[in-house]
Amino acid sequence: MSLIYSQSVPSIAHGPPRSSADYDFDFDFETSALIAQFALEDIEQTLTARKGKSRVDAPLTDEEFAYQLQLESFQQLLAVSEDAKLAKSIGDAVSADAAYLEAFIATEEAAAADRRAAEMLSRGERLPTPSAAQARIEEPDFIMHPEPPRPNATAGPSVNRNRRYTGHSYFYNSRLNIFHSIPCTICTDRVRYIKALRTPCDHFYCETCITSLVEYSTRDESLFPLKCCGLQPIPMADVTPFLPDTLLKVYHQKEAEYSVPSNDRIYCANAICSTFLGSSTNYRQVDSVVCPTCALCTCPRCKREAHEEADCALNAATIELRVLAHKSGWKTCPGCSRLVEKTQGCNHITCRVLLHLRAQVEDIPSRAPSITQSASGSSSRAADYEMDPETSALIAKLALEDLVEVFNSRKGKSRADSPPTDEEVAFELQCLHYQQIITLVEDEKMAKSIADAVRADEAYVAALVAAEEAAEADRRAAEMLSRGEPMPEQSPAQARVENPVFVMHPDPPSVECTICTEELRSSSALHTPCDHYYCRPCVVSLIEHFVRDESLFPLRCCQERIPVTDVVPFITSSLNKTFQEKHAEFSILSKDRVYCVTPSCSKFLGSAEGIIGSQIFCADCWTSTCSRCKQTAHEEDDCPVNRSTVELRALARREGWQTCPGCQTLVELDLGCYHMTCLCRSEFCYLCAAPWKNCECPQWEEARLLATAQQRVENELGARAVRNMIPEQMAAQVQEMVETLRVNHNCERHNWRYRPGGGRCEQCHFNLPNYLLVCRGCSILACVRCSRNRL
């Protein structure tokens with residue numbers, strides 16, 4: 001035995017392979033350790049077989065001594081292999097992290113240089129020369145999270161030592177980087193390592209496939225518990241982050257059910273319900289178990305409907321089933337009492353309840369391109385100009401408003417009894433045409449809504465009908481068995497209900513939240529008139545901001561109002577109360593609002609319009625307020641002069657502030673043109689307070705126009721790009737923006753695009769670190785909340 005090992009494994013037992021012609025092969029660490037382990041097992045087996053064949057105090061023979069030396073040699077080889085693997089893992093980690101550390105250090109040095117440059121500019125000094133770190137991070141090929149270097153395929157045989165083939169590409173066992181993309185074991189789609197589930201058998205599952213596996217395991221007991229590659233279970237703690245809460249809840253319910261042997265499980269005796277009630281071992285001292293779903297009582301011993309008799313009656317259906325099993329040669333599992341039929345193979349039967357079978361994931365949905373995607377490439381040029389129904393309705397609505405305005409301006413210019421002119425008839429026909437377009441679009445939206453509801457409920461209705469038909473067939477079969485008639489054939493409804501993929505309550509289609517982009521059920525989302533969806537947390541966040549910020553009134557998305565009644569189911573009763581109060585308050589113009597005169601109270605008391613009398617009583621602080629002067633109630637008919645109001649108006653005149661003609665609110669122009677839009681939606685000129693486009697005042701002040709143009713250019717290019725731009729090029733960009741703003745200073749409907757880098761939102765003035773949205777038309781910056789609900 002020792003002679004064979006010493007001749008066949010010289011490179012393993014005595015270090016690296018020699019450069020002779022006898023040994024022209026090279027083993028990697030795993031292969032060397034595996035051969036040494038097999039050799040150790042053989043030597044130990046041989047030594048065990050020789051025990052007892054000589055005296056205990058007898059000295060070792062030369063053969064036994066050789067075995068001991070060979071055993072120690074292989075044990076040393078295993079230790080060296082483990083040390084080499086650990087050293088290589090540490091070396092790979094250091095080499096992989098070197099690029100990250102270098103990029104991180106360069107970013108920190110560039111940030112420090114940027115801060116020093118900003119301080120120098122604030123003191124009026126010249127912009128310093130960019131440092132080496134700044135120049136590096138501004139290079140196009142700079143990557144903040146670089147991938148570690150790939151092995152060179154032509155570097156020689158030693159490069160390929162520690163790799164394994166997984167079906168698509170080579171990976172190093174020693175260390176996988178979290179930014180690598182790896183193929184999913186099931187669907188072969190590539191996914192980031194950090195977003196994949198890694199099983200104990202070193203396989204990877206994408207989120208879609210692991211969710212599908214869990215869904216199938218809740219309907220097929222043979223997939224429980226979750227496992228991969230035979231009997232290696234997948235820890236549920238690793239799976240939980242990939243599952244939605246609803247599916248996780250169903251899995252835990254099925255986990256509690258499948259962990260009980262089938263002969264001890266109690267199900268509701270109601271065939272339509274069949275809710276799992278627990279294990280019969282927990283109900284040995286009770287005569288019935290109440291179903292929490294249908295309130296039917298079930299006997300835990302005979303698993304039938306609860307009865308008053310102490311002894312359970314024989315179940316005729318069970319007797320018939322056992323007789324049929326005896327005639328057909330079926331066997332009963334000794335562990336769970338299930339009936340088992342052998343269709344092929346040997347007599348070795350493994351019940352799926354006692355031992356885990358191999359996990360088999362079937363029917364993974366294919367990822368073939370959709371029909372719309374494949375057809376879009378071959379569409380004609382005429383399809384490029386096709387408008388959606390919402391755009392058509394908007395154009396028709398705007399055209400109809402223009403026609404009505406022109407038509408009203410012509411009233412009174414002819415006799416009332418004179419026949420309409422050809423131009424007036426044409427106007428009326430055009431108005432009728434646009435009204436028909438708007439009606440058709442509304443009908444199409446209604447039909448689409450009904451079709452979506454039918455499509456969503458179709459699966460529920462079909463499952464309910466199948467369950468009812470199966471229950472009726474079960475009752476007929478039970479009646480026939482009770483009369484001694486043979487068991488009828490299985491109906492299609494029964495076969496469908498007993499199919500493992502059958503779901504009584506199928507999941508509705510999922511949608512994406514417009515704000516946080518989370519996936520959720522459409523039935524659990526707020527559907528706005530602009531066809532966007534909001535999850536519950538985002539609705540609550542919107543309402544919480546609404547009650548503190550009047551600029552969000554009226555509640556809207558994409559400039560279309562959201563019905564108040566649609567929001568109520570998503571918020572708590574206390575928040576709903578505050579929301580209704582603020583909605584009523586914001587619905588009244590600020591000049592007509594009456595607040596309690598007590599500063600510590602300041603409760604909204606209602607509108608001054610339509611109040612009988614001049615006093616409004618506050619129920620919170622028991623103070624009366626005059627509805628005309630908004631001061632403490634007084635007996636005189638003439639309201640006293642409010643000194644604070646006089647001083648505020650004097651300050652407004654000195655500072656050049658303007659008063660909104662709609663709600664009498666003071667407005668200050670900070671940046672932009674003289675076109676003002678108040679919170680009450682009044683549009684007026686900042687210089688003369690006349691309604692917009694009804695005066696001869698200039699639209700811009702040149703200093704503000706130049707400042708606004710510089711801000712818009714910086715919004716488009718980014719602050720860092722502006723700092724590094726040549727002054728002449730920057731001046732040209734600003735002058736071009738000045739000319740653009742003279743013609744188009746604002747957008748009726750903004751067209752947003754994503755701009756990385758963060759910054760300050762121009763509407764809510766919040767600083768966001770990662771990204772903002774910039775309008776393609778007017779170049780203003782806004783966050784997602786402002787772009788949807790404020791602008």
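Select Arg742: at 35% relative accessibility, this residue counts as partly exposed, a class that lies between buried (under 20% relative accessible area) and exposed (over 50%), with a 1.4 Å probe and protein chains only. The model is predicted, so local features need pLDDT of at least 70 and side-chain atom pairs count only at pLDDT 80 or more, while totals for chains, interfaces and linings use all residues. Residues are numbered from 1 along each chain as its sequence is written, and side-chain values use heavy atoms, with hydrogens and water left out.

**Arg742 and its partners**

The side chains of Arg742 and Glu702 meet in a salt bridge at 3.0 Å, N to O. Arg742 lies in helix H20 (residues 727–743) and Glu702 in helix H18 (residues 702–717), so the pair ties together parts that are 40 residues apart in sequence. Helices here are DSSP runs of H or I with at least four residues, strands are runs of E with at least two, and both are numbered from the N terminus. A salt bridge is a side-chain nitrogen of Lys or Arg within 4 Å of a carboxyl oxygen of Asp or Glu. Glu702 is partly exposed, with a relative accessible area of 46%. Include Glu739 as well: Glu702, Glu739 and Arg742 are linked in a network of salt bridges.

**Two further salt bridges**

The whole structure holds 14 salt bridges. Select Glu485 and Arg483, whose side chains meet in one of them at 3.2 Å, N to O. Glu485 counts as partly exposed at 30% relative accessibility, whereas Arg483 is exposed at 52%.

Lys591 is partly exposed, with a relative accessible area of 33%; Asp592 is buried, with a value of 13%.

**The whole chain**

Zoom out to show the entire model. The chain contains 21 helices and 33 strands, and buried residues make up 31% of its 791 residues. Among contacts (heavy atoms within 4.5 Å) between residues at least 6 apart in sequence, 47% join residues at least 24 apart.

**Strand S32 and its neighbours**

Select residues 771–775, which form strand S32; four of these five residues are buried, so the strand is largely enclosed by the rest of the structure. Show strand S29 (residues 752–756) beside it: S29 and S32 run antiparallel and are joined by five bridges. Two strands pair if DSSP finds at least two bridges between them. Within this pairing, Trp752 stands opposite Cys775 in S32.

Strand S33 (residues 781–782) is also antiparallel to S32, with two bridges between them. The bridge partner of Val774 in S33 is Leu781. S32 and S33 form a hairpin with five residues between them, and Ser779 in the turn has a positive phi of about 65 degrees.

**His675**

Select His675, found in strand S27 (residues 675–677). His675 is buried, with a relative accessible area of 16%. Its side chain makes a polar contact with the side chain of Glu683 at 2.8 Å. A polar contact is a pair of N or O atoms within 3.5 Å; within protein, one must be able to donate a hydrogen and the other to accept it, and residues adjacent in sequence count only if both atoms are side-chain atoms. Leaving aside neighbours within four places in sequence, His675 is in contact with Glu683, Phe684, Trp692 and His745.

**Helix H6**

Go to residues 207–217, helix H6. Eight of its eleven residues are buried, so H6 is largely enclosed by the rest of the structure. The buried residues of H6 include Cys209, Ile210, Leu213, Val214 and Tyr216. Display what surrounds them: they pack against strand S5 (197–198), strand S6 (204–205), helix H7 (236–239) and helix H8 (245–258).

**A nonpolar surface patch**

Finish at Leu60, Phe65 and Leu69, which form a nonpolar patch on the surface with about 300 Å² of accessible area together. Patches are made of residues with over 30% relative accessible area and no salt bridge, with like charges joined within 9 Å and nonpolar side chains (Val, Leu, Ile, Met, Phe, Trp, Tyr) within 5 Å. Phe65 belongs to helix H4 (residues 62–122) and counts as partly exposed at 46% relative accessibility.

Note on methods. Areas by Shrake-Rupley, 256 points an atom, 1.4 Å probe, with all protein chains shown as cover.
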